[in-house]
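Reader: I have a structure open on my screen and would like to talk it through with you. Could you take my questions as they come?

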There are 2 protein chains.
Amino acid sequence: MLTRDTQRVTLRDIANVVGLSVSAVSMALQDHPRIGEEAKSRVRAAADDLGYVANSAGRALRARKAGALALVVPNTSRHVFGHSYFMHVLTGVTDVANENDCQVIISTNPDDNHDRVAYERVMRSGSVDGAIVTSASVHDDNIERLVRSGLRVVLLGRFPYLPDAISVGVDDRAASKLATEHLIDSHGRRSLIHVSGPLDHQTAIDRRDGFVETCAERGVRGIVIEGDFSEESGRVVGSGLLDRRAEFDGLVVANDEMAFGVMSTLLAGGIDVPREISIVGFDDFGLSRVTTPSITTVHVPAERMARLAAQRLLDIVGGTVIPKQEAHAVLPVELVTRESCGCGAHP
Amino acid sequence: MLTRDTQRVTLRDIANVVGLSVSAVSMALQDHPRIGEEAKSRVRAAADDLGYVANSAGRALRARKAGALALVVPNTSRHVFGHSYFMHVLTGVTDVANENDCQVIISTNPDDNHDRVAYERVMRSGSVDGAIVTSASVHDDNIERLVRSGLRVVLLGRFPYLPDAISVGVDDRAASKLATEHLIDSHGRRSLIHVSGPLDHQTAIDRRDGFVETCAERGVRGIVIEGDFSEESGRVVGSGLLDRRAEFDGLVVANDEMAFGVMSTLLAGGIDVPREISIVGFDDFGLSRVTTPSITTVHVPAERMARLAAQRLLDIVGGTVIPKQEAHAVLPVELVTRESCGCGAHP
DNA sequence: AGCTTGTGCTCAATCGTTTGAGCGGCTACG
DNA sequence: CGTAGCCGCTCAAACGATTGAGCACAAGCT
């Protein structure tokens, strides 16, 4: 009954068993050519027998690398509807990391001033070899400093003001164009309103710009109302719109959560969605599929983005130099048509 | 422009700057009483100046502890509706961990045979000092071995067959009683059906037992149909029930996801929920609030459970011995009444 | 015989931090 | 005056894994 000290199997223990030096055992386990076959198999047998697992601190210290990467949790993930997004990211990142024998550490991205740089400490302590950061705020000094300081970072999102950063994102502007055009072309809507995210977020800016541009191109009326990405802000906007139901026939909402907020309010106010008003959302992280009516939305491939980001980070850590013109990877998005625009149920 | 080697500030560098030995610097930073005040402040200034952060591998190696804990991701979290649950857990765990200067490592819990014990390797490698594991399957050999081997583990859920394990869970049986009684007492339902989870999961068993017991106590008709916790299995059950609409007037469904599946199918089949049939779900991880009608459900306090689990794990790692009779912590649940049972909208 | 080449291992140093032991100089006390 | 004790520091060893250098021996070649 060796309940305690279970984890204390070291190279030395193996060495004692097989009668070799610690170094020989280490080399044997790595299949080094200078170690004899017979010794190797004896070492392997003993290692197996004792349940040896290399101590990660010892290895990390010697190798000067942690074999781990940090995933920085944005503060927005604390919100229920941010959950799905973050879990898609987490899934993608851990998959790739694990395929490469790499651990994933979760670090929080404080928006509170307290502990402002917790994740920077994590990086500087050598706990991780690099980090995947998803920050939305358009000027995040922490991110900027992180990138400048040469720490290995891959950003999730679009960061036009940080040309040197490696990032993986989607073309939100094109995505917004796609959504807006759908309302105009497929549903004949001519009087649109865009409920944007907070305009200090790049994503919010890009989605708004795509909307405005498309309206201008098509000669359609387009108004922008700023929200904050929360369901509640959608409700507030919705209430304001109840009196003005004659003034618009389509809504392009910058995320599904707000779209849900607006939609519920309009429905409760007796407005028929989608007959009277078409709604398109953004993200497709889960919510939009389960509402009634379900919400037509632009699918953002969060897991694929995360996988690519993790892959790029591992490449960078491994020494790959990414050419300047490839710094920003952009993945395609697609429109998922459901009921809220008038397209009818999606299979 | 010191883009590279940014992370290489070591005790030695500080020692060189202030003209002390490495040991003195180390002790100064820990505010050791044997180091003079003047030296301490010089050391602190230099550390600040150089941006020193202690190397975690070096520290871990010396201290024989990692300063990190693992959160084992159950395979079910890969599913969209598992996301919210897991994020609640993640939030709770990271909060507590960070408050205690502890990192959180994500490790996957494979249900695939491949890499069966990835998280056990993580523990044995000393990457973490303990793990929080949430496994549902009623006999998971890995968990059992983990617990027996003396590795520090706190389980999320109820594990009656592992009396020695430390766990944090809810009383699913009482919860199920609560839900069932609500349909009987508040809504006068007399012919109930329970859609259970897969019955090799303890949670599924407990929720079923609570249902069956309550029906017996109240002299109400109660039938059990086994599902698998997926929305799809809810749909399948729902289809089967369309022909038998006269035979029952209430559904107690073992999670919200299945409840949503059943409910959509019944609604699509022309059955009026909640007028004709009352539905109660389980979990309240997000979904139940946004459907139409919204789903009355039993709220499971995932984040609180996670916080407590993390706290207990840190205690154990710190050397606290938890008395046998306190091994299993059980948190209270509450019924959240919404529309699907007939109670009307929740504010 | 003398030299090279190769094989199979050991030695010793290293990564960065921590800590018990030790040491020189000082004060205080008997 | 001798010594006990404290102060403020340094020394050295340890945690566990890795790796270049080196060593003993054997075989092969000239």
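Author: What follows is a conversation about this predicted model, going from the DNA to the contact between the chains and then to some local details.

Reader: Let's begin with the DNA, then. How many residues surround DNA strand D, and which are the closest?

Author: DNA strand D is surrounded by 25 residues, and the closest of them are Ser23(A), Gly58(A), Ser23(B), Ala24(B) and Gly36(B). The elements that give two or more residues to this surface are helix H2 (22–29) and helix H4 (56–63) of chain A, together with helix H2 (22–29) and helix H4 (56–63) of chain B.

Reader: Which element gives the most there, and how do the residues divide by class?

Author: The most comes from H4(A), which gives 5 residues to the surface near DNA strand D. By class, that surface has 11 nonpolar, 8 polar and 6 charged residues.

Reader: And what about DNA strand C, which residues come nearest to that one?

Author: Around DNA strand C there are 25 residues, of which Ser21(A), Ala24(A), Gly36(A), Ser23(B) and Gly58(B) come nearest. Two or more residues each come from H2 and H4 of chain A and from H2 and H4 of chain B. For DNA strand C it is H4(B) that gives the most, with 5 residues, and the surface divides into 11 nonpolar, 8 polar and 6 charged residues.

Reader: Moving to the protein chains, what rotation superposes chain B on chain A?

Author: A rotation of 180° with 0.0 Å of shift along its axis superposes chain B on chain A, and the RMSD is 0.1 Å. This is the relation of a two-fold axis. Both copies use the same surface, since 98% of the contact residues of chain B recur in chain A.

Reader: How many residues does the contact take from each chain?

Author: The contact takes 45 residues from chain B and 45 residues from chain A. On the side of chain B that touches chain A, at least two residues each are supplied by H4, helix H5 (80–99), strand S2 (103–108), helix H6 (118–124) and helix H12 (287–290) of chain B. The largest share of that side, 9 residues, comes from H5(B), and its residues divide into 18 nonpolar, 23 polar and 4 charged.

Reader: In which sense do the S2 strands of the two chains pair?

Author: Strand S2 (residues 103–108) of chain A and S2(B) pair in the antiparallel sense over 3 bridges. Within that pairing, Val104(A) has Ile106(B) as its bridge partner.

Reader: Let me change topic to strand S6 of chain A. Is it enclosed or open, and why?

Author: Strand S6 (residues 191–196) of chain A is largely enclosed by the rest of the structure, because 5 of its 6 residues are buried. S6(A) pairs in the parallel sense with strand S7 (residues 221–226) of chain A over 6 bridges, and the bridge partner of Ser196(A) in S7(A) is Glu226(A). S6(A) also runs parallel to strand S8 (residues 250–253) of chain A, with 4 bridges joining them, and there Val195(A) has Val253(A) as its bridge partner.

Reader: What kind of unit do S6(A), helix H9 and S7(A) make?

Author: S6(A), helix H9 (residues 202–218) of chain A and S7(A) make a right-handed β-α-β unit.

Reader: I was also looking at Ser288(B). Where is it, and is it buried or exposed?

Author: Ser288(B) has its place in helix H12 of chain B, and it counts as buried because it has 28 C-beta neighbours inside 10 Å. Leaving aside residues up to four places away in sequence, Ser288(B) touches Asp256(B), Gly281(B), Ser294(B), Ile295(B), Thr297(B) and Arg338(B).

Reader: Last topic, the backbone: which peptide bonds are cis?

Author: Among them are the bond that joins Val273(A) and Pro274(A), with omega about 10°, and the bond from Thr292(B) to Pro293(B), with omega near -10°. Pro274(A) is in the loop between helix H11 (256–268) and strand S9 (278–283) of chain A, while Pro293(B) lies in the loop between H12 and strand S10 (296–299) of chain B.

Reader: And what is the phi of Phe229(A)?

Author: Phe229(A) has a positive phi of about 75° although it is not a glycine. Phe229(A) is found in the loop between S7 and helix H10 (231–242) of chain A, and with 26 C-beta neighbours inside 10 Å it counts as buried.

How values were computed. Residues numbered from 1 in each chain as written. Chains lettered and ligands numbered in written order. Predicted model: local features only at pLDDT ≥ 70, side-chain atom pairs only at ≥ 80, totals over all residues. Near = placed C-beta within 6 Å. Nonpolar A, V, L, I, M, F, W, Y, C, P; charged D, E, K, R; others polar. Least-squares fit on C-alpha atoms with pLDDT ≥ 70 in both. Contact = placed C-beta atoms within 7 Å. Buried ≥ 20, exposed ≤ 12 C-beta atoms within 10 Å, placed from the backbone. Pairing = 2+ DSSP bridges. Right-handed = clockwise from strand over helix to strand, strands pointing away.
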